Amino acid sequence: MRGALLFFAAAGLAPLVVSDAFLLDSLVLMLVWGCAAGAWNIAGGYAGQISLGHSAFFGLGAYAAALCGVRWNISPWYGVAIGAVLATGAGAVIGFLSNRLRGPYFVIATIAVSQVLLIGASRWRGFTAGSEGIPVPFRPGFWTLGIADKRLWIWIVLALALMVYLVQVYLERSRRGFQLAAVREDEDAALSLGVAARRLKVVAIAVSAAFTAVCGALWAQYVGFVDPLYVFSVDLSIRFALAAILGGLGSALGPFLGAVLVTTLETWLRAEFGGLGSHLVGLYLILYGIALIVIVRYAPQGLVGWLRRT
Amino acid sequence: MRVVNFAHGEFLMLGMYAAFWAFTLLHADPYVTLVVAAPLFFLVGWGSYALIMRPIVHTSHNVQVFTTVGLSIVLQNLALVLWTGDARFVRTSYYTSVISVGGAVLNFAQAVAFLLAVAATAALFAFMRWSYTGKLMRATAQDRAAAALMGINTDRIFALTWAVGITLVGAAGVLLAPVYAVYPTAGLQFVLIAYIAVVLGGLGDMVGALIAALIVAAVEVIGSYTIGTAWKEVLYLVLFIAILVVRPAGLFGQRGSEAIGA
């Protein structure tokens with residue numbers, strides 16, 4: 001708890017001290033990926049429903065925000081809401097699947113869902129502009145989320161991060177959270193004790209999906225371009241999962257720490273080896289893969305677990 | 001084995017690259033490469049099992065998922081760093097040759113790949129069904145603890161099963177190289193279809209998987225004709241999700257078999 005206070009206070013106060021655009025930009029992205037990893041953690045860490053299709057929700061949010069600007073010329077805040085509602089629906093579908101499938105077969109089903117959306121978004125040219133993607137129009141103002149000031153972005157994303165964090169803390173302390181942990185550890189035993197296991201799982205996945213969509217919508221507005229092959233990719237889903245696992249599965253602050261670590265490492269390795277036209281760009285991903293294999297074997301509690309022990 | 005290997009497609013990709021490099025550097029025909037590559041992939045399979053899979057084969061599914069996903073990321077990007085992301089082609093002299101069977105005209109390389117795949121499937125089926133080792137593999141997959149109590153060296157059986165799987169997928173990659181472009185993420189499109197066929201057919205059911213593969217192929221072809229090639233993947237993915245919702249054990253699987261080992 002103290003660690004979290006320190007982390008969020010540092011992130012919130014940083015814009016007052018730091019003025020370097022690059023650092024501020026990194027901080028915004030770290031917080032966005034931290035939120036997405038935290039949202040993933042609600043389903044993957046607390047409910048134990050490992051999904052590699054969370055990019056589906058992220059993409060829904062990103063497209064909702066972008067299309068609000070391009071097609072309907074309304075505020076992207078509506079896009080945030082629309083994306084969250086759509087993702088809640090898609091999350092309910094995946095939640096329903098989680099009641100029918102276990103383990104790796106659930107994982108494959110989630111990948112299939114994100115692939116359906118990927119193909120849909122990249123082929124439905126009349127509506128989504130197809131695989132070229134959508135440049136998000138920059139319309140200045142807070143209501144249209146056309147904000148050039150990165151400091152403001154940090155505070156907006158920080159608000160979302162706090163919400164994601166508090167939901168996770170709720171899952172750690174409340175009766176519902178304990179029930180969810182029981183479902184994760186042994187679903188049959190939880191059911192036999194009268195825990196509404198199925199409903200809890202669906203709700204957890206739907207909440208996780210909604211937050212992921214909000215991340216997607218804000219990310220689209222911040223970055224200014226939505227590419228279906230990126231926002232719906234399996235790689236993106238893995239990135240959320242990796243940050244959460246690296247930081248600590250089922251811990252509230254872990255995903256944010258994981259995201260900071262992953263984003264820093266990626267930026268550094270890209271700057272070091274990823275010059276234009278260099279094919280060494282894959283290097284950081286090799287490290288990610290090795291990190292994933294090593295962490296789940298030797299430090300399944302992640303960074304937070306390791307910090308607690310020492 | 002009751003372990004889903006998310007790096008399966010990457011071993012297929014490695015098979016395709018093996019065919020490409022043998023063809024480009026040594027001018028070896030892919031069918032010659034196959035003879036050398038198959039035992040090589042067996043060794044690669046055995047090695048990857050000993051190095052990466054052995055310590056986690058008895059842990060939870062989530063650990064297995066992430067370990068194989070990690071392996072998949074490593075292999076994909078190793079290929080990207082070593083061989084760049086360019087799509088490469090194996091242009092054999094018979095690249096444009098076709099053979100006609102009845103009224104149908106088939107690409108030569110595709111026809112050979114088809115025949116060898118049928119032969120390999122039949123051999124694998126016979127092996128799993130009738131050979132003593134095949135019986136040991138099925139017994140170990142059904143109940144590890146009981147198999148170990150019966151004196152089966154389950155660790156060896158796991159390593160062998162894993163290595164056989166890698167050998168077959170590597171060989172498939174070599175066979176596919178003359179037909180499809182080779183690039184670091186080439187495995188994904190094939191392996192997704194493979195997962196779908198396996199789940200549709202019922203896990204651990206080889207005949208079911210074969211029939212399901214034919215169904216997926218039929219859906220793909222009919223879909224391309226009726227609603228266009230752009231949407232054909234959506235069709236079988238939606239079919240896949242629908243079947244999982246209605247009948248998660250697969251079309252021919254035993255009810256409840258999807259939960260075994262969960």
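**A tour of chain B**

Helices α8(B) and α9(B) are oblique to each other. The model in the viewer is a predicted one.

**First stop: α8 and α9.** Select residues 186-201 of chain B for helix α8 and residues 206-226 of chain B for helix α9. The two pack at an angle of about 125°, and their axes are 7 Å apart. Their crossing is right-handed. Which residues meet here? On the α8(B) side, select B:Ile193, B:Ile196, B:Ala197, B:Val198, B:Leu200 and B:Gly201. Across from them, α9(B) contributes B:Gly208, B:Ala209, B:Ile211, B:Ala212, B:Ala213, B:Ile215 and B:Val216.

**Second stop: α2.** Next, select residues 30-53 of chain B, which form helix α2. A straight helix of 24 residues would span 34 Å, yet α2 of chain B spans only 30 Å between its end C-alpha atoms. Where is the kink in α2(B)? Centre the view on B:Val36, where a kink of about 35° lies, shortly before the proline B:Pro39.

Now colour the buried residues of α2(B), namely B:Pro30, B:Thr33, B:Leu34, B:Ala37, B:Phe41, B:Gly45, B:Ser48, B:Tyr49 and B:Met53. In general, residues three or four places apart in an α-helix point the same way, because there are 3.6 residues a turn.

**Last stop: the contact with chain A.** Finally, display both chains: 38 residues of chain B are in contact with 34 residues of chain A. On the side of chain B that touches chain A, α3 (61-83), α8 and α10 (232-246) each supply at least two residues. The largest share of that side, 15 residues, belongs to α3(B).

Definitions and conventions. Residues are numbered from 1 along each chain as its sequence is written. Chains are lettered from A and ligands numbered from 1 in the order in which they are written. This is a predicted model: local features need pLDDT of at least 70, side-chain atom pairs count only at pLDDT 80 or more; totals for chains, interfaces and linings use all residues. Helices (H or I, at least four residues) and strands (E, at least two) are DSSP runs, numbered from the N terminus. The expected span of a helix is 1.5 Å times one less than its number of residues. The bend at a residue is the angle between axes fitted to the seven residues ending there and the seven starting there. A residue is buried if 20 or more other C-beta atoms lie within 10 Å of its own, exposed if 12 or fewer, and partly exposed in between; C-beta atoms are placed from the backbone. Axes are lines fitted to C-alpha atoms, for helices over the stretch in contact, and angles run from 0 to 180 degrees between N-to-C directions. Angles under 35 degrees count as roughly parallel, over 145 as roughly antiparallel, 65 to 115 as roughly perpendicular and the rest as oblique. A crossing is left-handed if the near helix is turned anticlockwise from the far one by less than a right angle, and right-handed if clockwise. Two residues are in contact if their C-beta atoms, placed from the backbone, lie within 7 Å.
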